[in-house]
Amino acid sequence: AALLGIARGYLMGRNEYEAIANLNKLLEEYPNASQIPAAHFLLAQAYDRQERYVEAAEEYRNFILLRPGTIDGYVLFWRAEALFSAGDYAAAAVDYQASLGSATLLDAIQIRLKLARAYALAGDQPTALALYDDIYNRSESDYIRSLVNLRKGQAYTELGQIDDAQAAYLDSVNKYPRPYDTYSALTALVDAGVEV
């Protein structure tokens, strides 16, 4: 308990190195302690702050294995974020999807946006496009719809469907002029020589 408290103090003080050292000491010297799940959770946060995303994802997994059913939706989301930052987009998509299926107070639209982006970066443009269409229809926010159109345009461009990409960009330019993502869509149209 003392080692966990010391590590938590170091983590709150932004001293991840000392936090990690104390947490690893706890894990090595007291493997059966009741604080082990919390140690894995704090270790994940410390690794995340150090941008050691693969290790953070592993520690989040360890926490879920030791404490299933407690805060799975949140931990799966944080694990997905770590995997996404590590460039493992396919694994991130799996965890974003699992997070959506768990009970949380997280914004489902934002998770769906991240899920679609993970699919797109993993090279699965058709799945990403289907998700983007769903998000577009669920949201009433001009900012979300503008971002969705920008991402759809990028996905269609990856697939070589330039007319569909330009249609998505034009939808934002014509309907949602305020969001910054519409400016990015407008720039893509102007660069392609499309009259706006």
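1. A salt bridge is taken here as a side-chain nitrogen of Lys or Arg within 4 Å of a carboxyl oxygen of Asp or Glu. By that criterion lysine 114 forms a salt bridge with glutamate 81, and the closest N and O atoms are 3.3 Å apart. The pair links distant parts of the chain, since lysine 114 belongs to helix α7 (residues 108–121) and glutamate 81 to helix α5 (residues 72–86), 33 residues apart. Lysine 114 is partly exposed at a relative accessible area of 29%, and glutamate 81 is also counted as partly exposed, at 25%; the classes are buried for under 20% relative accessible area, exposed for over 50% and partly exposed in between, with a 1.4 Å probe and protein chains only.

2. On provenance, this is a predicted model, in which local features need pLDDT of at least 70 and side-chain atom pairs count only at pLDDT 80 or more, whereas totals for chains, interfaces and linings use all residues. Residues are numbered from 1 along each chain as its sequence is written, and side-chain values use heavy atoms, with hydrogens and water left out.

3. As to the overall fold, the protein chain has 11 helices and zero strands, where helices (H or I, at least four residues) and strands (E, at least two) are DSSP runs numbered from the N terminus. The C-alpha trace spans about 70 × 30 × 25 Å along its principal axes. The radius of gyration of the protein chain is 21 Å, while a compact globule of 196 residues would have one near 16 Å; the radius is taken over C-alpha atoms, and the globule rule is 2.2 Å times the number of residues to the power 0.38.

4. With contact meaning heavy atoms within 4.5 Å, residues 24 or more positions apart account for 42% of the contacts with a separation of 6 or more. The accessible surface comes to about 10,300 Å², of which 50% belongs to carbon and sulfur atoms, as computed by the Shrake-Rupley method with a 1.4 Å probe, only the protein chains shown counting as cover for residues.

5. Two residues may be inspected for local packing. Isoleucine 36, in helix α3 (residues 36–49), is buried with a relative accessible area of 8% and touches Leu26, Leu27, Tyr30, Pro31 and Leu66, not counting residues up to four places away in sequence. The C-alpha atoms of isoleucine 36 and alanine 1 are separated by 9.7 Å, although these residues are 35 apart along the chain. Glutamine 50, placed in the loop between α3 and α4, counts as buried at 16% relative accessibility, and, with residues up to four places away in sequence again left out, glutamine 50 touches Glu16, Tyr17 and Ile20.

6. Aromatic rings of Phe, Tyr and Trp (its six-membered ring) pair if their centres lie within 6.5 Å, and planes under 30 degrees apart count as stacked, over 60 as edge-to-face and the rest as tilted. The count by this rule comes to nine aromatic pairs. In one of them, the rings of phenylalanine 41 and tyrosine 60 have centres 6.1 Å apart and planes at 70°, so the pair is edge-to-face. Because phenylalanine 41 lies in helix α3 and tyrosine 60 in helix α4 (residues 53–66), the pair ties together parts that are 19 residues apart in sequence. Phenylalanine 41 is buried at 15% relative accessible area, and tyrosine 60 is buried at 3%. Phe41, Tyr60, Phe63, Tyr74 and Trp78 form one aromatic cluster.

7. A charge sits over a ring if NZ of Lys or CZ of Arg is within 6 Å of the ring centre and within 35 degrees of the ring normal. Arginine 145 lies over the face of tyrosine 136 at 4.7 Å from the ring centre, and the charged end of lysine 152 sits over the ring of tyrosine 136 as well, 5.8 Å from its centre.

8. Returning to charge pairs, the structure holds nine salt bridges. Among them, glutamate 58 and arginine 61 pair with their closest N and O atoms 2.7 Å apart, both lying in helix α4, three residues apart, about one turn of the helix. Lysine 175 and aspartate 171 meet at 3.0 Å, N to O, and both lie in helix α10 (residues 162–175), four residues apart; lysine 175 is partly exposed at 49%, whereas aspartate 171 counts as buried at 16%. Arg112, Asp134 and Arg138 are linked in a network of salt bridges.
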